[in-house]
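Biologist: I have a two-chain model open and a few questions about how it is put together. Can you take me through it?
Modeller: Go ahead, here it is.

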Amino acid sequence: MWHSLSRLLQHRLLIRTLVVRELTARYRGSMLGFLWTFIHPLMLLGVYTFVFTYVIDPFRGDGASPYALFLFCGLLPWTWFSSALAEGANSLLMGGNLIKKIIFPAEVLPTVSVIHNGVNFVLGLPIYFAFWFWFKPESVSIHLLWLPLVIAVQVLFTLGLAFFLAALTVHYRDVKDLLANILTLWFFGSPVIYSYTYLKSEKPDGLGTKLLELNPMTHIIEAYHTSMFTGEMLHWRRFGVTAIVAVLTFIVGYYFFDRLRDSFVEEV
Amino acid sequence: MAAETAIRVAGVTKRYRRVAQSHKFLTLKSAFVGGNLFKLLNPAEVFTALDGIDLEIERGETFGLIGANGAGKSTLMKLVAGTTKPTEGDVVIDGKISALIELGAGFHPEISGRENVYINGIMLGLSRAEIEARFDDIVAFAELEEFIDAPVKNYSSGMYMRLGFSVAIHVDPDILVIDEVLAVGDEAFVHKCLDKIGEFKRRGKTILLVTHGMETVRRLCDRAAWIDRGKVKALGDPIRVVDRYLNWVGEQEESELTRVEKQRVASAGEGAGDGADVEIAPEPPASPEGEEAPYEPGRWGNQAARIEGVRFLDEEGHAGHVFATGDAMTIEISWSVADEVKDFVFGIGLFNANGVSCYGTNTDVERFKGKSLAGEGNACIRMPSLDLVGGTYYLDVAVHSRDGRPYDYHRGLYSFRVHSRYGDVGVARLGHSWDFTGGVQWKQLGGISSERDPDLDRSD
């Protein structure tokens, strides 16, 4: 397994090329082209802000204002996570002819899904920072330096799941249909549109609060909130455990993927 | 050149597993409960694609693999290319390998040919600088200078394939694996590819070639292997291997035609006993014109005289269904009569696969005057040279009265296949020769050869 894993590093060039291909191919033929990368999250943000400000009132408390910015902060990493998983689960099937017809390291495909969606995330960050500096300059702090670590933990966690789901989808096509619904549930189970801190202070013993505690994405999104919204120190214990969970997820996911690797060519 | 081994295939068995869907559902459940998914994904059904294959291909050798569809050639290719792993045994490759299995696999339709060349090259193991250096050659070889910046989705399938071939061949491998890709592409490009393969050969590279083009194997390969149902049936000199394979193909066709014919005769024969005069042939098959009805196999007649069977005999009198243009052939019609018949005509009609009448005759038009037909016997039509173009032919045979009342009419129940060395067309091959005067010079003279050489390149 470690041997195969090191191969992943050897294929940097291939991964990079494929990521660029995905990015260039995606908006080819559309008028705004690459601008969509920026317009998409902004439009999504607009929709959510409208709905959760004027239609539904989520559990947000004072810590989550300005609300649009708070939403933006959680939505960026969440969009990355969910689109990477949806795409990653499907990646082996979509890239089937690559695996079948040329000597191709299968793990490149889910990795590309995770990275190329990550590019969208990274490109969204400057926009977010611009808003952040403008609307909430008092909370910009040194704790922003934790951001790379938070991103790294998210990458590991997402990769692990993507490997696992991709391998599983090859054998059970039902996974991708199931996944779409699970991701919706997961979205509402992660503190993107509401504030976990506020929830915890209001209902410390609620069932929802307890369950949310078990969700790694809760702590990852919370880490984004602390480092690039409120400008506070990470919650070390929670985030540390989450980091360990992420590493384990990666190892287990990759191990699973590696074990099923030889079956891909036949099943894809 | 030293006899080093470039590709060693040792005792390789490849089994494909088919896991039933219901079985799968159970496994998913128990896998998560019991945590033993890997074990449970074991086969419900196993298909053995390759069964204990041993091959050694030397460095610098051009090796041909032939065999019917589904024989396991492509599986072997994939094993050599490394896209799949053997269930048992080992595949050892010495050198950089490039596989032309699916051309343009991994091309993305939305982006330009240029970008796809880079991506494809990297997938095939080139570095960016290497591609840069070869880029112009790749484009020139594919003849796509004008279109290289257009998105690949707008390419014709020929352009797509040319670009794929061009990239793969410019990887400059030590070992080149080619799987039937020469079957596509126009004549000119195929020649170019063959030239390129020839160049590879001269430079001492190893080539493993899978093809249905027997001529290619004979001309290009140093050695060949014939694979059938996952086993090596013949190995060695390509001419010998190809011959053995073609003989086997002939036998297969023979038994297939026999089987189909039996079926047709059996189904037409049912109901012929009591169904006499169900249908009356409008005209004897000798008249080729005015045949409007679709050509359907059938049998009719009042059975005053019966045709019991028809055989196609070769020069030595062996019955068969596969002949070559120019072979001698005899059509043997076995007949029987219960009560003596005084007014009778034997006739045949030959139709090609499109239902076009190629030839028809009967004893009456050839001035035989029937006197008495009694008991049983054979009527044989001997043809010293079967002058038909390649294809499948159906035979009408009949015994009827002089005014065309059928006693027993068998329509299209019997068929045989003709292989032709030539691609000539029409309903028959007319005897001919070529003569030239004036300033005509030939590199090589053509002409009819008696060598039996079924044109297999065109089938499937």
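Biologist: Among contacts in chain B between residues at least 6 apart in sequence, what share join residues at least 24 apart?
Modeller: This is a predicted model. In chain B, 77% of those contacts join residues at least 24 apart in sequence.

Biologist: What does the secondary structure of chain B come to?
Modeller: Chain B has nine helices and 18 strands.

Biologist: And how much of chain B counts as buried?
Modeller: Of its 460 residues, 36% count as buried.

Biologist: On to the strands. Which way do S11 and S13 of chain B run?
Modeller: They are antiparallel, with eight bridges joining S11(B), residues 305–313, to S13(B), residues 329–341. One of the facing pairs puts B:Ala305 opposite B:Val337 in S13(B).

Biologist: What stands opposite B:Val337 in S16(B)?
Modeller: B:Gly375 does. S16(B) covers residues 373–383 and pairs with S13(B) over 10 bridges, in the antiparallel sense.
Modeller: H4(A), residues 67–94, and H7(A), residues 147–171, pack at an angle of about 30 degrees, and their axes are 7 Å apart. Angles under 35 degrees count as roughly parallel, so H4(A) is roughly parallel to H7(A).

Biologist: Is the crossing left-handed or right-handed?
Modeller: H4(A) and H7(A) cross in the right-handed sense.

Biologist: Which residues make the contact?
Modeller: From H4(A) they include A:Pro77, A:Phe81, A:Ala84, A:Leu85 and A:Gly88. From H7(A) they include A:Gln154, A:Thr158, A:Leu161, A:Ala162 and A:Leu165.

Biologist: How does that contact divide by class?
Modeller: Between H4(A) and H7(A) there are 12 nonpolar and six polar residues, and no charged ones.

Biologist: Last topic, the two chains together. How many residues of each are in contact?
Modeller: On chain A there are 21 residues, in contact with 25 residues of chain B.

Biologist: Which elements of chain A give two or more residues to that side?
Modeller: Those are helix H2 (12–26), helix H5 (96–101) and helix H12 (236–267) of chain A. H2(A) gives the most, with six residues.

Biologist: And what classes are the residues on the side of chain A that touches chain B?
Modeller: That side has nine nonpolar, five polar and seven charged residues.

Technical notes. Residues are numbered from 1 along each chain as its sequence is written. Chains are lettered from A and ligands numbered from 1 in the order in which they are written. This is a predicted model: local features need pLDDT of at least 70, side-chain atom pairs count only at pLDDT 80 or more; totals for chains, interfaces and linings use all residues. Two residues are in contact if their C-beta atoms, placed from the backbone, lie within 7 Å. Helices (H or I, at least four residues) and strands (E, at least two) are DSSP runs, numbered from the N terminus. Ala, Val, Leu, Ile, Met, Phe, Trp, Tyr, Cys and Pro count as nonpolar, Asp, Glu, Lys and Arg as charged, and the others, Gly among them, as polar. A residue is buried if 20 or more other C-beta atoms lie within 10 Å of its own, exposed if 12 or fewer, and partly exposed in between; C-beta atoms are placed from the backbone. Two strands pair if DSSP finds at least two bridges between them. Axes are lines fitted to C-alpha atoms, for helices over the stretch in contact, and angles run from 0 to 180 degrees between N-to-C directions. Angles under 35 degrees count as roughly parallel, over 145 as roughly antiparallel, 65 to 115 as roughly perpendicular and the rest as oblique. A crossing is left-handed if the near helix is turned anticlockwise from the far one by less than a right angle, and right-handed if clockwise.
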